Amino acid sequence: MSTQDFDEEQQRYLKGVTAGLHIARGVPGMTGLTTGKRLRPDDFHSQARIRAQAMGGELTSQEEAKADLNPNDMWNEMVALANLGEYPKGDDVFLMKGRGMFYVAPNQDSYMCRLRMPGGIFSSHQFRAVADLAETYGGGYTHVTTRANLQIREIGPKDPVNVLMGLQDVGILNQGSGGDNVRNITGSPLAGIDPDELIDVTPYCRAMHHHIINHRELYGLPRKFNIAFDGGGRISALEGTNDIGFSAVMPKADGPLPRRPYFRMGLGGITGHQDFARDTGVMLKPEECVAVAHAVLHVFLASGDRTSRDKARLKYVLDRWGFDKFMREVQKKLPFTLRRYPLSRCETRAPVDKAGHVGIHDQIDDKQYVGVVLPVGRLTIPQMHGLADLADRHADSKMRTTVWQNLVLGNVKKSDMKALVAGIEKLGLHVNASPARTGMVACTGSFGCKFANAETKGNALELVDHLEDTLELDEPLNIHMTGCPNSCAQHYVGDIGLLGARVADPDADDPEEADQVDGFHVYIGGGYEDEQGIARELATAIPAVHLNAYLENLLGLYLDERHAGERFVAY
Ligand code: SF4
C-alpha cells in the first residue's frame with residue numbers, strides 16, 4: 001500500500017501525522033557523550049546541603065522539596081489530586097511545575113499547562129491535538145509564548161493528568177517545561193528554509209530536547225535554565241538572552257579553521273537581570289553542542305547557589321567564578337579538547353530582519369513562507385484547526401511558533417500563496433501588519449499570573465490600535481510589555497520596554513490617599529544581535545490610562561525630529 005491509495009483528505013491527515021517524525025540512522029546532532037557514573041538529583045542536593053551548612057546557610061524550601069521528591073515523579077500525586085478534584089498545596093504547587101502544570105491561583109483558580117517542542121516547530125497533527133485539549137479541558141484558547149511554545153490555560157482540578165496523557169499520545173513530552181529545569185529549547189523558526197541561515201538548527205534542538213527528557217539528574221537544577229540555537233539567518237532566536245546561547249558563525253576565509261559553519265557558545269544570558277550571554281571563546285562543531293551543554297549543566301548542578309532563589313541562575317556562578325574557571329571545570333567533564341578561536345576571526349553575523357517573521361518571503365528554494373500575526377500570541381480553537389488544515393493543504397504541515405509570539409507556515413508553492421493568505425484571513429488573522437503590531441510582545445500579565453503588577457495583553461493590543469490610529473510608523477519597532485521584573489516578555493531587549501508597576505491612581509481626588517492601579521515603567525534602546533543592548537529607563541510609573549498618549553508623544557517626537565536615515569535605536 002502506498003500513500004496514493006488514500007484519498008486527498010486522508011493524505012493530508014497522514015502528512016500532518018508524519019510531519020513531526022525524523023527518521024535517521026545513528027543519533028543525529030550528538031557526539032562526544034560518554035557513559036559513566038550515573039548521577040541522581042539527590043547527589044547534588046546532599047552535596048549542596050553540606051556546602052550550605054559549612055557556610056552557615058540553609059537550602060531554600062524549593063531545594064528541600066526537590067530533594068524529597070524528583071519533580072519528574074509527581075505522577076501519582078497528580079492522579080490522586082485529580083481523583084479528589086483538588087488543587088495542590090504547599091510544595092506540590094512547586095513540584096508540579098516540573099511536569100509543566102502551574103496552579104496559577106489567585107489570578108485564575110486553575111492550572112496552566114506549558115508544553116515543550118524543540119525549536120517551537122509543531123506538526124499540524126500535534127497542533128490539532130493541543131487545540132482539542134484546550135477545548136475539552138482548558139479555556140478554549142492557547143497562547144504562543146515568548147519561548148516559541150504553547151500554553152493551555154484554565155484547566156480544572158480533575159484534568160491535569162488528562163491533559164498530560166493527551167499530549168503524550170501525540171508525542172508532546174513536557175517534562176521539565178517549568179520549575180528548576182531546562183526549559184523549551186528554542187531555535188531559529190525558519191530552520192531549513194531560511195535563505196540566509198548558516199546551519200539548520202532542527203537536529204540540534206531536537207537532540208538537546210531528547211537529551212534533557214532522558215536525564216533524571218537534570219530535573220534538579222538550582223534554578224531554571226534556557227538554551228537556544230541560532231542558525232545565523234533572517235530571524236533571530238534571541239539566543240543572547242539564554243543561559244546557553246549557541247550562535248552559528250562562519251570562520252573568515254584567511255584563518256586556520258576550514259570554511260564550514262560552527263557554533264559559538266555564549267553563557268549567562270538573563271536579560272531580566274540585565275545581562276546578555278557572553279562569548280566563551282569556544283567554537284563548536286554542531287554535533288558537539290549537546291555534549292558541551294551537558295558538561296555546562298553538570299558544572300551548574302554542582303556549583304549553583306541553592307541557598308538563594310535570587311542568586312541561583314547560571315549568571316551568578318559565572319560572576320562568582322569568572323568565565324575562565326567555569327570553562328576549566330566544563331573542560332574537565334569532556335572527552336575532547338574545546339576548540340578556542342577568536343571571535344574576531346569569524347565573519348560578522350548577517351543582519352536580522354526585524355519584520356522577517358511576518359508577511360510573505362522567499363525561501364532558500366523556489367518556495368515561500370508566510371508569517372501570521374497573532375494578537376500577542378492568542379489563538380482560538382477554530383483558528384488552530386483552521387491553520388493546521390491550511391498547513392496541510394498549502395504548506396509542509398509544520399507550525400513554526402516564534403519567540404515573537406506569532407506563527408510561520410513554510411514550504412508554500414508560490415502558486416498556493418494566494419489561497420493560503422485568503423484562508424488565513426478567513427480565520428480572522430492577517431499576514432501583514434503595522435510595525436507596532438508586528439513587533440508587539442506581551443507576557444501573560446494579571447489576566448493569569450500572580451506576579452503581575454499590571455494587565456498586559458489587553459493593554460498591548462489597545463496600545464497597538466492607538467499607535468496605528470495616530471502615527472505613521474514606517475520602520476520595524478519592537479515593543480515588549482512585561483507584567484513584572486521576571487521579564488518573561490524581555491522588556492530590556494525591546495526598542496521600547498514596558499515594565500508593569502503599581503502606581504497611584506491619577507484620577508484620585510487626594511494623591512496622598514490614591515488607590516494603586518496598573519501602570520508601567522518605560523525603557524528605550526534595547527536590542528538584540530547586531531543591535532544588542534540593554535534598554536535604559538526613560539520614565540517611571542506612567543499610569544496605564546496615560547500610556548497610549550505617552551508613547552504617541554514619544555514616537556511622534558521621534559518621527560518629527562529624526563534626521564534622514566536615523567532609526568529608533570538608542571543603544
Ligand atoms: Fe507573570 Fe511576570 Fe512573567 Fe509576566 S513577566 S508572565 S507577570 S512572571
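Begin by selecting strand S4, residues 141-144, together with S14: three bridges join these two strands, which run antiparallel. Strands here are DSSP runs of E with at least two residues, helices are runs of H or I with at least four, and both are numbered from the N terminus; two strands pair if DSSP finds at least two bridges between them. Within this pair, pick tyrosine 141, whose bridge partner in S14 is threonine 380.

Before going further, note that this is a predicted model, in which local features need pLDDT of at least 70 and side-chain atom pairs count only at pLDDT 80 or more, while totals for chains, interfaces and linings use all residues. Residues are numbered from 1 along each chain as its sequence is written.

Now widen the selection to the whole sheet, which is open, has five strands in the order S1-S2-S5-S4-S14, and shows antiparallel pairing. At its edges stand strand S1 (101-103) and strand S14 (378-380), each with a single partner strand, so one side of each is left without a neighbour in the sheet. From one strand to the next the twist averages 25°, where axes are lines fitted to C-alpha atoms, for helices over the stretch in contact, and angles run from 0 to 180 degrees between N-to-C directions.

Next, go to the loop between S1 and S2, where proline 106 is found, and look at the peptide bond that joins alanine 105 and proline 106, which is cis with an omega of about 5°.

Then select glutamate 154 in strand S5, which has a positive phi of about 60° although it is not a glycine. Is this residue buried, exposed or partly exposed? Glutamate 154 counts as partly exposed because it has 18 C-beta neighbours inside 10 Å; the term covers residues between buried (20 or more other C-beta atoms within 10 Å) and exposed (12 or fewer), with C-beta atoms placed from the backbone. Asparagine 411, in strand S16 (residues 407-412), likewise has a positive phi, near 60°, and is partly exposed, with 18 other C-beta atoms within 10 Å.

Finally, select the ligand, whose surroundings include Cys443, Thr444, Phe451, Asn486 and Cys488, a residue being near if its C-beta atom, placed from the backbone, lies within 6 Å.
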